Structures are given as structure tokens and as C-alpha cells.
Amino acid sequence: MDAPTEIRVSADRRRLTLVWPAGPHTLSAHTLRVESPSAEVKGHFGRGGVAPVGKEHVTITGLEPVGSYALKIIFSDGHQTGLYTWDYLSGLGGADA
């Protein structure tokens, strides 16, 4: 999947909007944090990860592109190890803000 044409973080840092050719797609920082594709959350080598709890007030503090295929999201709780591919972000749904 191609990269979105635009990436925006809301002024309150609680929402990420990705603009795709099919239209905008908005995800909350909470959803992004609890659905992190990191090994910490998803698990290592087939063993379960740890579901994050108490992340309702987390915000997005930074974004870093990873090549042309993904986005590294840095959260206010210090989490920053998940690489969110364009396919993964597209599959998370949208408008959950």
C-alpha cells in the first residue's frame, strides 16, 4: 500500500488523521497505543504480549517516518517501539476519535 498523501496530528495530540486517496482516516491515540504492533503488545515468537491498560489519556508526542512503508509513533507514556505500516494503519479502521 502507498503512503497516505497527508498525515496530521490534532492540536490536542489525541488524534492522528491519515489522508488516503479514498478519503481521510482518523484514529485516536488511545486506539493506536493499545493496538501497537510492537512485540511488547503483540508478543514475542508466538508468546502473548501484554495488553496495555490505563492508556485513555495518552497523547502522540512524535512521528517518525520509517522508509516508505511505515510510521513510528511516539506516545506520552514513552512507548515508541511499534512500527505502524500503512497496511496496518489502514486496517485499524477509522473515525474512532
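Reader: Before we start, where do you draw the line for a residue that is buried?

Author: Buried means under 20% relative accessible area, while exposed means over 50% and partly exposed covers what lies in between. One more thing to keep in mind is that this is a predicted model.

Reader: Good. Then is H25 buried or exposed?

Author: H25 has a relative accessible area of 11%, so it counts as buried.

Reader: Which element is H25 in?

Author: H25 belongs to strand β3, which covers residues 23–28.

Reader: And what lies 3.1 Å from a polar atom of the H25 side chain?

Author: That is the backbone oxygen of L89. L89 is also in contact with H25 when neighbours within four places in sequence are left aside, and the other residues on that list are L18, L27, L32 and Y84.

Reader: What about P24, buried or exposed?

Author: P24 is exposed, because its relative accessible area is 63%. P24 is in strand β3 as well.

Reader: Which residues does P24 touch, not counting those up to four places away in sequence?

Author: P24 touches T17, L18 and V19. There is also P4, which is 20 residues from P24 in sequence and 9.1 Å from P24 in space, C-alpha to C-alpha.

Reader: Let's zoom out. How many helices and strands does the protein have?

Author: There are three helices and six strands. Along the sequence they follow the pattern β-β-β-α-α-β-β-β-α.

Reader: How much of the protein counts as buried?

Author: Of its 97 residues, 37% count as buried. As for contacts with a separation of 6 or more, 44% of them come from residues 24 or more positions apart.

Reader: Start of the chain now. In which sense do β1 and β2 pair?

Author: Strand β1, residues 6–9, pairs with β2 in the antiparallel sense, over four bridges. In that pairing, I7 has L18 of β2 as its bridge partner.

Reader: How many residues lie between β1 and β2 in the hairpin?

Author: Five residues lie between them, and R13 in the turn has a positive phi of about 65°.

Reader: On to aromatics. How many aromatic pairs are there?

Author: The structure has two. In one of them, the rings of W20 and W86 have their centres 6.4 Å apart and their planes at 80°, so this pair is edge-to-face.

Reader: Why does that pair tie together parts of the chain that are 66 residues apart?

Author: Because W20 sits in strand β2 (residues 15–20) and W86 in helix α3 (residues 86–91).

Reader: Are those two tryptophans buried or exposed?

Author: W20 is buried, at 9% relative accessibility. W86 is buried too, at 6%.

Reader: Next, the nonpolar core. Which members of the largest one touch the most other members?

Author: Of its 14 residues, those are L16, L32, I60, I73, F75, Y84 and L89. At least two residues of this core come from each of β2, α1 (29–34), β5 (70–75) and α3.

Reader: How accessible are R15 and D12?

Author: R15 is partly exposed, with a relative accessible area of 29%. D12 is also partly exposed, at 37%.

Reader: What is the N to O distance for D77 and K55?

Author: Their side chains meet in a salt bridge at 2.8 Å. The pair links distant parts of the chain, 22 residues apart: D77 is in the loop between β5 and β6 (83–85), and K55 is in the loop between α2 (39–42) and β4 (60–66).

Reader: And are D77 and K55 buried or partly exposed?

Author: D77 is partly exposed, with a relative accessible area of 32%, whereas K55 is buried at 18%.

Reader: Last one: what does K72 form a salt bridge with?

Author: With E64, where the closest N and O atoms are 3.8 Å apart. E64 is partly exposed, with a relative accessible area of 36%.

Terms used. Residues numbered from 1 in each chain as written. Predicted model: local features only at pLDDT ≥ 70, side-chain atom pairs only at ≥ 80, totals over all residues. Heavy atoms only, no water. Buried < 20%, exposed > 50% of the residue type's maximum accessible area, 1.4 Å probe, protein only. Polar contact = N/O pair within 3.5 Å; in protein donor to acceptor, adjacent residues only side chain to side chain. Contact = heavy atoms within 4.5 Å. Phe/Tyr/Trp six-rings, centres within 6.5 Å; stacked < 30°, edge-to-face > 60°. Pairing = 2+ DSSP bridges. Core = buried A, V, L, I, M, F, W, Y, C linked by side-chain atoms within 4.5 Å. Salt bridge = Lys/Arg side-chain N within 4 Å of Asp/Glu carboxyl O.
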